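This briefing describes how the parts of a protein fold are arranged. Please look at the sequence and the structure before reading the points that follow.

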Amino acid sequence: MYAAVRRYEGVTDPAEAGRLVNEGFVPLMRQVSGFVAYYWVDAGDGVMVSTSVFQDQAGAEESVLRAAEFVRDNLASLLPNPPQVMAGEVVASAWQRSN
C-alpha cells in the first residue's frame, strides 16, 4: 500500500473546506484506481491534513495530482498556502473492524 499526506496551513474556513472536500473531492478519490481510504482531518489552528491510501504507488501519485487540481479549482480562497506533501510506501498499519 501507498499513502499520500498533505498538510494545509492557513485554512480560512475549516468547516466549509470540509464540506467541499466531502462533497466534491471524496468522490474523485473513490474513482482513482487502487483506492483504499481517504481522511480529511481538522488539526486546529487553521491546519488541515488529508491522507489518501492506495493499493499502489500510481494511485497515490494520481491522488496528489487530483488534489492540486481540486484545490486550485475549488478551494483556493480557503486553502491559500501550498500544502506540504509527503508520499510513500506504507510499511506498518493497523485498524479495527467494527462489527
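**Sheet and helices**

In strand 3, S52 is the bridge partner of Y38. The model is predicted, so local features need pLDDT of at least 70 and side-chain atom pairs count only at pLDDT 80 or more, while totals for chains, interfaces and linings use all residues. Residues are numbered from 1 along each chain as its sequence is written, and side-chain values use heavy atoms, with hydrogens and water left out. Helices (H or I, at least four residues) and strands (E, at least two) are DSSP runs numbered from the N terminus.

**The sheet**

- Strand 2 and strand 3 (residues 47-54) run antiparallel and are joined by eight bridges; two strands pair if DSSP finds at least two bridges between them.
- The four strands form an open sheet in the order 2-3-1-4, with antiparallel pairing.
- Strand 2 (35-44) and strand 4 (84-89) are the edge strands, each pairing on one side only.

**Helices on the sheet**

- Helix 1 (residues 14-31) lies across strand 1 (2-8), strand 2 and strand 3, and runs at about 170° to strand 2; axes are lines fitted to C-alpha atoms, for helices over the stretch in contact, and angles run from 0 to 180 degrees between N-to-C directions.
- Helix 2 (residues 57-75) packs on the sheet and touches strand 1, strand 3 and strand 4, where contact means heavy atoms within 4.5 Å.

**Helix against helix**

- The axes of helix 1 and helix 2 cross at roughly 145° and come within 11 Å.
- Among the residues that meet are L20 and F25 in helix 1, and A67 and F70 in helix 2.
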